[in-house]
Amino acid sequence: MPADANSIQSALQKAKRPELAKILSGAWNMPITEYAGQLWQKNAAAPPMETELRNAFETEFSRTGYTEKEAKDLSAALEKTCVMQTATHLTASEGPTFLALHHLALLGMPPDETYFVGAFSGVPFANPAWSGCLNFSNRFELESLIDTQAPGYADLKRADNDRVRDSSERRISLIPGNMRDVRVFQSRIPEKMESLMPHFTEQIRDISLSAKSGDDFTKWASRFCTNQLSKIFPDKSIIYFDLNEVIRNYLIEVISDSSHPIFQLMFDQKTRESVFSVFPAETTLFTVDVHHKNKLRQEPVVINGNYLNSQNYELKLTQENVIKEIKNGTLCPGLFLTFTALSFINGMICFGSFEQVEYLAEFKSNWLKIGLLDNEIVHSANTSAFTSGRCVDENSEGVHPLDLLLGLEWSFSENQTVGQLMKPLLSRLGV
């Protein structure tokens, strides 16, 4: 391995990213086409998908607008490959990092398969992906995206002028300021977004569902991003969906089954003590939106004795209570339950970013110590399906999906290594 790759591996180790260091030490000089092909190699030891999980996918596909038959066909296609992208947050539009990881993943997708993007909605709108915004670059003026007669245009212009002084990344917020800390999961389209949408350019309106105040934001965002990436990769079958909604549907079913390991984790004291003698006691199971200082904000929920607790939320730990709070959307599944279900019970290959490969490796190690789950499935789980990078132009400026829709002449390079795709991102990783 060349010196530069050695030094990056060492730097990643020092930055406490041992799994990423291990992955990149073997892949740094590998052509991205070769690496991408390896990502899609199904694990022969993967079990059949649980009926509860397959039903949960069907429910989510139906929610986002597919017919019952289409939803069943999509779930069958997903069960066949056992592969999904889970590195993204659910957002109105994506940025250069998400675009790079999609490019990498799609390079290796077998013909006639579908790219399933399970976007995580259990984050506040003001997360690093800016879920409530249309994101683009400073190659375009604000007027290239939205008419100057749009309501509140002066405020949008003022915010844009402030931002352009500090960053090459631009965005138009579709949400009011009091929604910044609100959780994306089960959020609703605000009046601001409904009033703005008719004033966007044709390129944006062409890929947008109608946006009516009070309608489901996550359904709108899932279809917008599906249509956006499908325009960029027109020969690929692409589906976005809300990953947290899938796990919500799944948990409602499995928590009703006393023989299921997640039921035992939640309601059997001996099992719970066994699990949390290995996993940290502060492991987040769910998140909740709570009122704090006249605003909504997201808080992590942990198990504390016979209660689910956050700083401003408490729930007696009974089957009836938990199912009710999951059904009504109060409890949003966190990373721990999400990936326990996907990776370590159902053996799915979850493409992920630099954070995911670290916590999945830790989850795997911990589950192997406990024995609650099928150790063969846990042992064979692929926790290192890393996809990331950053799309940049010849001046190292980020390229957004919306830039391409707005007419930027730029093309993806397939003649590069994993290291070259990753280099523009390394400064964000403490390297």
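Which helix gives the most to the lining of the largest pocket? Helix 16 does, with seven residues.

This is a predicted model, in which local features need pLDDT of at least 70, side-chain atom pairs count only at pLDDT 80 or more, and totals for chains, interfaces and linings use all residues. Residues are numbered from 1 along each chain as its sequence is written, and side-chain values use heavy atoms, with hydrogens and water left out.

View 1. The largest pocket holds about 1,200 Å³ of space. A pocket is an open set of points on a 1 Å grid over the protein atoms alone, where a 1.4 Å probe fits, with protein on both sides within 12 Å along at least five of seven lines. Its volume is the space filled by probe spheres set on the points, which are joined across faces, edges and corners. The lining has 48 residues; lining residues have an atom within 4 Å of a point. Ala87, His89, Pro128, Ser353 and Glu355 lie nearest the centre.

**View 2. Elements around the largest pocket.** Helix 6 (96–107), strand 3 (133–137) and helix 16 (354–370) are among the elements that give two or more residues to this lining. Helices (H or I, at least four residues) and strands (E, at least two) are DSSP runs, numbered from the N terminus.

**View 3. The second largest pocket.** This pocket has a volume of about 320 Å³. Its lining has 23 residues, of which Cys133, Arg163, Ser173, Ile175 and Lys192 lie nearest the centre. Helix 7 (153–164), strand 4 and helix 8 (191–196) each supply at least two lining residues. Helix 7 gives the most, with five.
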